[in-house]
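Have the coordinates open while you read.

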2 protein chains.
Amino acid sequence: MATFTPISRVGEFGLINLIKNITDIQTDSPNLKSDLLMGISDDAAVFKPTADKVQIFTTDAMVEGVHFDLTYSSMQHLGWKAMASNISDIAAMGGEPRYALITLCLPQKISVEMVEEFYTGAVFACKKYNTLIAGGDTTAASGNMIISVSLIGEADSQKLVYRNGAKVGDLVCVSGTLGTSHAGLKVLMREKRNFLEKSESFSPNLEPYKPALEKYLMPKPRLDIAKLLTNEVKINSLIDVSDGLASEVHHICRNSGVGAEIWEHNIPIDNIGRNIAEEFSENIIDYALYGGEEYELLFTLTDENYAKLESLTSDVTILGRIVDASKGIYFIREQGEREELTPRGWDHFKENN
Amino acid sequence: MATFTPISRVGEFGLINLIKNITDIQTDSPNLKSDLLMGISDDAAVFKPTADKVQIFTTDAMVEGVHFDLTYSSMQHLGWKAMASNISDIAAMGGEPRYALITLCLPQKISVEMVEEFYTGAVFACKKYNTLIAGGDTTAASGNMIISVSLIGEADSQKLVYRNGAKVGDLVCVSGTLGTSHAGLKVLMREKRNFLEKSESFSPNLEPYKPALEKYLMPKPRLDIAKLLTNEVKINSLIDVSDGLASEVHHICRNSGVGAEIWEHNIPIDNIGRNIAEEFSENIIDYALYGGEEYELLFTLTDENYAKLESLTSDVTILGRIVDASKGIYFIREQGEREELTPRGWDHFKENN
């Protein structure tokens, strides 16, 4: 068994020192380091914004029992994912991440070692995506563990892309593949049930599912695609796919005052996602529409700009087209039937969830 | 009884619209509004920093059952206090607040109406302290309610004041009075016990305790004093008193590599705090040293600068003096006994709390 040191043994200040040590080594970016005038160890962090850049400010929380389950998410994965979901929000504005504050609300079951692992995962993501942890807050919690990250990024103001700029006639496109993250979650939930039923002799072979588990546990924010979209072509709207494709299409349409049609035939699915959905006798298209937590980028642009983009990457797919608001938001099935696309997504306040 | 609309009835997006409506009216500051390029309704907020200013970035969380109790804190008070504690962190760097993101993790017992009240209180603080709510995150929670606010402020870099600049020979000073917030909390805890015991015929007269309850429930971040300290005189170190005087003196000493002596005789106490402590047969000095949540400012400066400050405000008091690190951190009792000042403060991870 892993060592379990209760947080009460080191106290809040002991914990802060430990976090400081882990985060000190987090990145080699000299700019981010020299612009950070004060990091962990004062009432607040202080940094210099880059001249002429606008600041992008986001926050995203993860609640145990709602967004994650400690029986199948390791603390390192949680640290990674908490950073990744916030970095993805910055990518979805056309920006680049800079400084993060991490708040952890920790019930007694969480040990000092677990907090260290959490930060190890967070720092791993920070190094990969050029971000510095500049502070935060740690507090006791009486219920479940909660992680809340806030992140500041930057962009040239002319490179910002909002949800509200989609134009009638735009192509609707997405990066990567969809549905795979939810497929990974389905496998993890099944293995948890198996574990609870069988307990002792439990040693599942998860190797075949690995890419799907990784997509769920360690999603990759698409800063690479965001950079192409903002530097090499002109796109009209942009959002990240955190709540399922259906929800995100609705966000773009509502904010832009337009409608859309999305073509089932075009939805990018990978083999691992398809195979897992089949194992569960479910439809991978439903995972793509309603599953969420993909952290791919959904965007709209003209045909001309798409032609330019296509020559630069093979990692984007045309999903549909923006139409007049009066035409609504429709999903066109492979056989041509038109269904209204409902944004049920993953709304954790709904009673049926 | 107040109306109780479950959040599941309006859903996450209904809740966001409601929050948008309340926060839209939050301030009249034209600068903050025109510099906010994107507020609530995209993946992130976007704002323009003021040219040549450094950015101050802080976050502070409040956990039900650890930091607050819904039986005696109204949602409006919580909204105020969540903003105030973050604004106080910005004041404690010598800065001014600008944009806030609010994250609420809401268990089922929290209604739509309660969220509205929370935001009403938060907006009230924002109007008073010239801050805009620019976004956030709302999520379900399975356990207790959690509030996490992050806040961006600004300062001229030459006006920043850290914890680490205290010099041997500096006077140690504090704004306002100490111990009163903890006195207010003691009254509220007693009334809760009385209520649970007597229930029906319960109608306490809290009028005589009002200033103490207000200090606990609606603390005032000292932006007024911070402005004096950074514009009119030169101070060497600054921190806000959130965890009790003893803890904060230790923070300044540790970060500055100095010692201090604090004189009991000088600690500023008000009548209401003193009377409440007497009612509980306790010592108001203990409340001041270890009680916390005052949000007054603790700072150090030379005698010359203090003389200048004294002519500008009567709301600061000399508490002691910075000494060499080798002399330690001592509390000098009224009769002259020297005791080591222990930073036990309010460490909610400690087992004895």
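In this predicted model, A:A45 sits opposite B:F57, a residue of β3(B). That pairing crosses from one chain to the other: strand β2 (residues 45-47) of chain A runs antiparallel to β3(B), with three bridges between them.

Zoom out to the whole chain contact. It draws 58 residues from chain B and 58 residues from chain A. On the chain B side, the biggest giver is strand β3 (residues 53-63), which puts in nine residues. Sort that side of chain B by class and you get 29 nonpolar, 17 polar and 12 charged residues.

B:F57 turns up again in the core. The largest nonpolar core holds 216 residues, and those touching the most other members are A:F57, A:M83, A:A122, B:F57, B:M83 and B:A122. Take B:A122 from that list: leaving out residues up to four places away in sequence, its contacts are B:G79, B:W80, B:A82, B:M83, B:I102 and B:I133.

Now for the strands inside chain A. How much of strand β4 (residues 96-106) of chain A is buried? The count is 11 of the 11 residues, so the strand is largely enclosed by the rest of the structure.

| β6(A), residues 146-156 | antiparallel | nine | A:L104 and A:I147 |

Next, the domains. Chain A is assigned domain 1 (7-157) and domain 2 (163-340). Going by C-alpha atoms, their centres lie 26 Å apart. Where they meet, 17 residues come from domain 1 of chain A and 18 residues from domain 2 of chain A. Helix α3 (residues 75-91) of chain A supplies the largest share of the domain 1 side, with nine residues. By class, that domain 1 side is made up of seven nonpolar, six polar and four charged residues.

In helix α6 (residues 210-217) of chain A, the buried residues are A:A212, A:L213, A:K215, A:Y216 and A:L217. Their cover includes α3, α5 (180-198) and α9 (271-279) of chain A.

Is A:H67 buried or exposed? This histidine lies in the loop between β3 (53-63) and α3 of chain A, and it counts as buried because it has 21 C-beta neighbours inside 10 Å, where the cut-off is 20 or more. Its C-alpha atom is 28 Å from that of A:N21, which is 46 residues away along the chain.

A:E304, in helix α11 (residues 303-310) of chain A, has 10 C-beta neighbours inside 10 Å and therefore counts as exposed. Between the C-alpha atoms of A:E304 and A:F13 there are 56 Å, with the two residues 291 places apart along the chain.

How values were computed: Residues are numbered from 1 along each chain as its sequence is written. Chains are lettered from A and ligands numbered from 1 in the order in which they are written. This is a predicted model: local features need pLDDT of at least 70, side-chain atom pairs count only at pLDDT 80 or more; totals for chains, interfaces and linings use all residues. Two residues are in contact if their C-beta atoms, placed from the backbone, lie within 7 Å. Helices (H or I, at least four residues) and strands (E, at least two) are DSSP runs, numbered from the N terminus. Ala, Val, Leu, Ile, Met, Phe, Trp, Tyr, Cys and Pro count as nonpolar, Asp, Glu, Lys and Arg as charged, and the others, Gly among them, as polar. Two strands pair if DSSP finds at least two bridges between them. A residue is buried if 20 or more other C-beta atoms lie within 10 Å of its own, exposed if 12 or fewer, and partly exposed in between; C-beta atoms are placed from the backbone. A nonpolar core is a set of buried Ala, Val, Leu, Ile, Met, Phe, Trp, Tyr and Cys residues joined through C-beta atoms within 7 Å. Domain bounds come from an automatic or database domain assignment.
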